[in-house]
Amino acid sequence: MAPAPLCDLAAPDRCCLNTATLGHREPIAVIARRVAAAGFGWITPWRREIDERQPARDAEAIRAAGLRARSYCRTAYLAHASESARRQAADDNRRALDAAAALGARELIAVVGGLADGSRDVDGSRAQILRGLEDLMPAIESTGVAIALEPLHPFYAADRSLLSTIAQAQAWCETLDPKGRYFGVAIDAYHVWWDPLLAPSIAGAGPRIRAFHVSDWLRHTQEPLLDRGMMGDGVVDLKGLRTMVEAAGFDGPVEVEIFSRDQWWKEDPDVVLHTCRERLQAVC
Ligand code: ZN
């Protein structure tokens, strides 16, 4: 029998590993070496793994492993009850942009935050979030690092993200950056697979799509934050989704991002990475 044709995701430059997948258990230099050895060409680190006082050192560790940094995770939340908390978040986000630039990442992923503490004002919190994003423009322009707005499943609307759909992210991009230079959209299969307007929203986002994250939604998920499934173990039509994202013009790598406290974060990191590479076939 002829061997099955190799999936194009076998090529390192077609796949990216988001370090959340490994549960933040090791220093970035060790993670980067494992990720490269498993055949990924890109890495998206989280802030807790990077020393933002001297990010050049971590950038060098990533390069030395033979990887390129793709995106950087993630912004501080933007809606807050006090002016001082909003200022603190803005400072924090500027530091993240500086670190992203030092790492050579193309974009900072924006998880925009939910309601301001103690608030029931959805529109007011959304307005604060938009202002917070707008205020980052000078830092975005000076670092050259873009912002990728990542809509999160509406389960998270109260505490993590009042940005819930691709269409909403696209509308915010148009408001913030009509020329499409600095604001784009990160599409995470886990967060958007259920959306009745998925296909037209992806087509509408077109060149704004800056990242494509994959994992799977387990049918009987234990909880929606830290029980994501490995590709192929859940209900998401990942192949269909990838086809839509690429038909819309996205030609970047497919990025594996699996938060799994009770399963994959307990597994040997090399086994996790090997499994991810294998299961990327589910996206081919
Ligand atoms: Zn994601």
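Which helix gives the most to the lining of the second largest pocket? The helix is α3, with six residues. The model is predicted: local features need pLDDT of at least 70, side-chain atom pairs count only at pLDDT 80 or more, and totals for chains, interfaces and linings use all residues. Residues are numbered from 1 along each chain as its sequence is written, and side-chain values use heavy atoms, without hydrogens and water.

**View 1. The disulfide between C7 and C284.** The structure holds one disulfide (a pair of cysteine sulfur atoms within 2.5 Å). The sulfur atoms of C7 and C284 lie 1.5 Å apart. This pair links distant parts of the chain, 277 residues apart: C7 is in the segment before β1 (15–18), and C284 is in the segment after α10 (269–279). Helices (H or I, at least four residues) and strands (E, at least two) are DSSP runs, numbered from the N terminus. C7 is buried, with a relative accessible area of 7%, whereas C284 is partly exposed at 30%. Buried means under 20% relative accessible area, exposed over 50%, and partly exposed in between (1.4 Å probe, protein chains only).

**View 2. The cysteines C16 and C276.** The closest cysteine sulfur to that of C16 belongs to C15 and is 8.2 Å away, too far for a bond. C276 is in no disulfide, the nearest cysteine sulfur, that of C15, being 9.9 Å away. C16 is buried, with a relative accessible area of 0%, and C276 also counts as buried, at 0%.
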